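Reader: I am new to this kind of picture. Could you walk me through how to read a few of its features?

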Amino acid sequence: MSGQRGQVVLFSGLALLGAGFAVSSFGYGVLLPESRIGPGFLPLVAGGLLAVFSALLLAEQLRAPHPAPPQPGVDDFGRTPRQRVWILRRVFVLLPVAVALVPLLGMVVAFGLLVLVICTWLEGHRPLPAVALSACSAAAMYGVFAVVLQVPLPTGLFGF
């Protein structure tokens with residue numbers, strides 16, 4: 001089965017599956033008395049979203065021109081297997097370095113620097129978007145672990 005035909009079949013199947021969940025949810029009761037959510041509410045929402053998004057992806061797939069056949073061994077970003085192994089080795093070197101920096105800089109700052117180095121040095125992104133991504137990643141990590149889950153993160157010189 002070709003790539004495009006496989007995706008058309010997949011998105012069609014997912015749209016039908018989502019529609020089936022949404023339709024069958026009414027048998028469980030979507031809303032209960034006093035405007036409370038019933039047991040069929042989650043299947044209705046999840047199935048409806050699955051059906052809508054799958055239908056949108058199906059329409060996009062049917063409208064899109066056929067892409068050129070990919071070169072063997074080259075990923076979507078044009079990297080060869082050798083380049084991917086090079087990146088993977090650097091990440092395995094950077095992870096212990098970041099862990100070693102945690103007592104000095106703190107978990108949040110060390111993680112942000114790790115993301116920044118991976119974005120700029122390994123992935124070749126421009127500095128400004130890489131800084132924005134690393135700051136958002138560090139803030140998200142702090143928000144999830146320190147604020148929401150209330151896990152005490154190691155702090156460094158900066159106190160966070």
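Author: Gladly! Helices (H or I, at least four residues) and strands (E, at least two) are DSSP runs, numbered from the N terminus. This is a predicted model, where local features need pLDDT of at least 70 and side-chain atom pairs count only at pLDDT 80 or more, while totals for chains, interfaces and linings use all residues. Residues are numbered from 1 along each chain as its sequence is written, and side-chain values use heavy atoms, leaving out hydrogens and water.

Reader: Which helix gives the largest share of the nonpolar patch?

Author: Helix α2 (residues 41-63) does, with 6 residues.

Reader: How is an aromatic pair described?

Author: By the distance of the ring centres and the angle of the planes. Rings of Phe, Tyr and Trp (its six-membered ring) pair if their centres lie within 6.5 Å; planes under 30 degrees apart count as stacked, over 60 as edge-to-face and the rest as tilted. The count here comes to 1 aromatic pair. The centres of Trp86 and Trp121 are 5.8 Å apart with planes at 65 degrees, so this pair is edge-to-face. Trp86 sits in helix α3 (residues 81-105) and Trp121 in helix α4 (residues 107-122), so the pair links distant parts of the chain, 35 residues apart.

Reader: Which residues of α4 are buried?

Author: Among them are Val108, Leu114 and Cys119.

Methods. Buried means under 20% relative accessible area, exposed over 50%, partly exposed in between (1.4 Å probe, protein chains only).
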